[in-house]
Amino acid sequence: MTIRHPTRRDLSRATLAGAALVGAPAILTSGVARAQSGPLKVALILPTSGVQAQLGIACRRGADVANDVFAAMKIEGRVEITTYDTESKPDVARTQAEKAVAAGAHILCGAFDSGQTIAIAQVAEQRGIPFIVNIAAAPQITEQGYKWVVRNFPTAPMLITSGLTLHKELFRVTGKTPKTAVLMSVNDTFGTAMVNGIKALFPKLEMPYELLDIITYDPAAKDLSVEVAKAKATKAELLMPVSRLNDAKLLVQELVKQRWEPMGVMNPGAPGLYEQDFLKTMGKFGEFHISNVPWLNPKSPMTQALEKAHAEKYPNDQLDLNGGFTFEAMLVAINALNRARSTHANALMEALRRTKIDQHVMVGGAIEFDAKGQNVNIRSACVQNLKRKPTVVLPADSAAAAPIFPMPGWNDRRRG
Amino acid sequence: MSIVRLLIGGATPRALALLAALLAFLVAAPAFLGPYALSVAILILYFAFVGQAWNIMMGFAGQLSLGHALYAGLGGYIAAGLFFHYGIGPWVGAFVAVAVAVLAGCIVGYLGFRFSLAGVYFALLTIAFSEFTRIAFDHWTWAGGSGGLFLKVQGGVTDILNLRGGATLFYYAILILAVGAFVLCRLLLESRLGRYWLAIREDAEAAQAVGVPVFRCKMIAIAISAALTALAGVWNAFYYNNLFPETAFAMGRSIEITLAPIIGGLGTLFGPIVGAVVLTGMGELFTDLTEHLKISGLKQIFYGLALLVIVIWRPAGVWPWLAKRLGVEERGR
């Protein structure tokens, strides 16, 4: 067989083709005029690859079924969603936002992570495009006087205050109050921010238990036996973990191994315990743990429609707060369009500022934004793992089951 | 010898014409590029600039640093912190940022070079410094701790004194930095110091034997490299307006800095620029492809495969091969 080496002409052709491929999107999109009417084009900018990929994909699933839920709930209009991947990086998030605006997006939505969200917010501010934040907890996002940004997600202090308040509510409802607690936290950005927030808010909230110790550990830890032994030695009656997914598994495994049975494992507002992978992996030892996080309101007809549509399209995936808040971002967008009757940026932004949506999917009051663009009506729910499913047990008006506290022992047959 | 002769000495008329055309294109680019294309051009210039800074260490002096995020992070945090807390603009803040980064570089360099740490051992030292600085910034409340440091963003404002404004302002800022770094590197390479670096890169012991002050030359290399990288950090902080220790000092960021010169051609002046064009262009192309096919993560697979092909196909980098075809080869680097 004869191998034909590329000639200079081949090279020139290849170079031209490559340049055309690289440059085509920019050339084509830069000249696109922004549409003033027609379907609402939403640019959903999320980390669907990189370290936050699974969470970004969970968010996207909530948006993917939005039109089906709108149809089921007889909500007028449809959203035309284009997904852009941030690769879990703020610099890519900014470029993707520019690309989305150039492609004619009417509204930007995203981006799960605070750094990426702020990168997108700058594009929104500079280009005058409404931006709905689905998930991002840094308070600064709505404290900087942005004119084009609204956020339908609690800030970190809101999360902690709401989470710790639910602790007291749970003790009141069950009639059992632990006198001591120990906080175990991952020492990454999120964990450190949570620990600092808890330290600051703890005295103000007059919690009924004494915080005996705060034990931090590395997010990449492969073994938490020493940390759990240290926590056990405090003889605390309540364990409060601020965890991610993998360390939550390690933590519970160690609790079982070391036969430590506190009254409860209850986080003050963190992921890990309610996640599908945790529930699948931990089996019966994943039961009865409590997360105090914003969650879907099971009693809302719209949540039921969302759960149905999600289960039909993604039968193997659990709908959680990521999907819930991203769906709500689509709801906020279509609601704004229906009131603005225009896809013009100013009209949409004005409508967004005047948002008031009573019927939605997450626990809490109506979706409405204050002067800073923050929805202050979001409330956390007490979500307990019951029958391998995160179940809302508080607040009472949203509860799908009664809370079980103290949790049964590891060998208790109810865990089976 | 005049600076102009140093700069263009030895270059063919063809090379000078191509360089002038490239410069003219870059200066005029904001006039005809759309906002998205401009944001891509900004990324290319940024990676070309930091790549040039890293190239001084590895490409010229032969010292492998895998912790350059340390200098970018320090530069960004110091300038942004001074602006955030005291209203000190980045033009002044940059001097403080550069001084701090140079100091950090000198500490790393002193420990590494004084105790003859070379190759991967020196690389590990640079990683270690970057990592513990990240942990320190996680707990430093002045810098916002792990919750991050945020600069205020205002739409429609152009304030050159405080480096506040739109993409065009930042495009020209990074263009000036990239061109400045290119000129500086060219001058350095033509100087005695540059010759010493190349000698050290090829064989440090032989260089020492013939009287090259190896320790001093290496220290100068790390100081200049840290200073330039810190400037990139300052630009980065004011462009993105937010800093988190977890990303500012991340290992991934250090790796990103190294890619453009490696792909473009280590030790060459145009290598970091060509590498930045290839990598960013390829990245955008694969992003479009991934979005079209709607398969998450496909970009990273294609990107990795493409890098593999380039490294196998052109182990010395793309630029030496391209320069040969364009008839503008750099002299013996």
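Tutor: First, a term: two residues are in contact if their C-beta atoms, placed from the backbone, lie within 7 Å. Axes are lines fitted to C-alpha atoms, for helices over the stretch in contact, and angles run from 0 to 180 degrees between N-to-C directions. Helices (H or I, at least four residues) and strands (E, at least two) are DSSP runs, numbered from the N terminus. The model is predicted: local features need pLDDT of at least 70, side-chain atom pairs count only at pLDDT 80 or more, and totals for chains, interfaces and linings use all residues. Residues are numbered from 1 along each chain as its sequence is written, while chains are lettered from A and ligands numbered from 1 in the order in which they are written.

Student: At what angle to β7(A) does helix α8 of chain A run?
Tutor: Helix α8(A) spans residues 225-233. It lies across β6, β7 and β8 of chain A. Its angle to β7(A) is about 175°.

Student: How many helices and strands does chain A have?
Tutor: Chain A has 416 residues, and 54% of them count as buried. Buried means that 20 or more other C-beta atoms lie within 10 Å of the residue's own; exposed means 12 or fewer, and partly exposed is in between, with C-beta atoms placed from the backbone. Among contacts in chain A with a separation of 6 or more, 70% are between residues 24 or more positions apart. The count is 13 helices and 12 strands.

Student: Which are the edge strands of the sheet of 7 strands in chain A?
Tutor: Two strands pair if DSSP finds at least two bridges between them. The sheet is open, its pairing is mixed, and its order is β7-β6-β8-β9-β10-β11-β12. Neighbouring strands are turned by 25° against each other on average, direction ignored. Each edge strand pairs on one side only: they are β7 (210-217) and β12 (389-394) of chain A.

Student: In β8(A), what is the bridge partner of V182(A)?
Tutor: Strand β6(A), residues 180-186, runs parallel to strand β8(A), residues 238-242. The two are joined by 5 bridges. The partner of V182(A) is L239(A).

Student: Are the residues of strand β10 of chain A on its two faces buried or exposed?
Tutor: In a regular strand the side chains alternate between the two faces of the sheet. In β10(A), residues 290-293, I290(A) and N292(A) lie on one side, with S291(A) and V293(A) on the other. Both faces are covered, and these four residues are all buried.

Student: What is the handedness of the crossover from β9(A) to β10(A)?
Tutor: Strand β9(A), residues 264-267, runs parallel to β10(A), and 2 bridges join them. The chain passes from β9(A) through helix α10(A), residues 276-282, to β10(A). A crossover is right-handed if, with the strands pointing away from the viewer, the path from the first strand over the helix to the second runs clockwise. This β-α-β crossover is right-handed.

Student: And in β11(A), what is the bridge partner of I290(A)?
Tutor: β10(A) pairs with strand β11(A), residues 381-386, in the antiparallel sense. There are 4 bridges. The partner of I290(A) is Q384(A).

Student: What is the strand order of the sheet of 5 strands in chain A?
Tutor: This sheet is open, with parallel pairing. Its edge strands are β2 and β5 (149-151) of chain A. The twist averages 25° from one strand to the next. The order is β2-β1-β3-β4-β5.

Student: Why are the buried residues of helix α13 of chain A on the same side?
Tutor: In α13(A), residues 345-353, the buried residues are A345(A), L348(A), M349(A), A351(A) and L352(A). The arc is that of the directions from the helix axis to the C-beta atoms. They are on the same side because they cover an arc of only 160°.

Student: Which elements of chain B do the buried residues of α8(B) pack against?
Tutor: In helix α8(B), residues 192-202, the buried residues are Y196(B), W197(B) and I200(B). They cover an arc of only 100° around the axis, which puts them on the same side of α8(B). They pack against α3 (35-60), α9 (204-209) and α10 (214-240) of chain B.

Student: How many residues does each chain give to the contact?
Tutor: On chain A, elements that each supply at least two residues include α1 (8-30) and α7 (189-205). The contact takes 39 residues from chain A and 34 residues from chain B.
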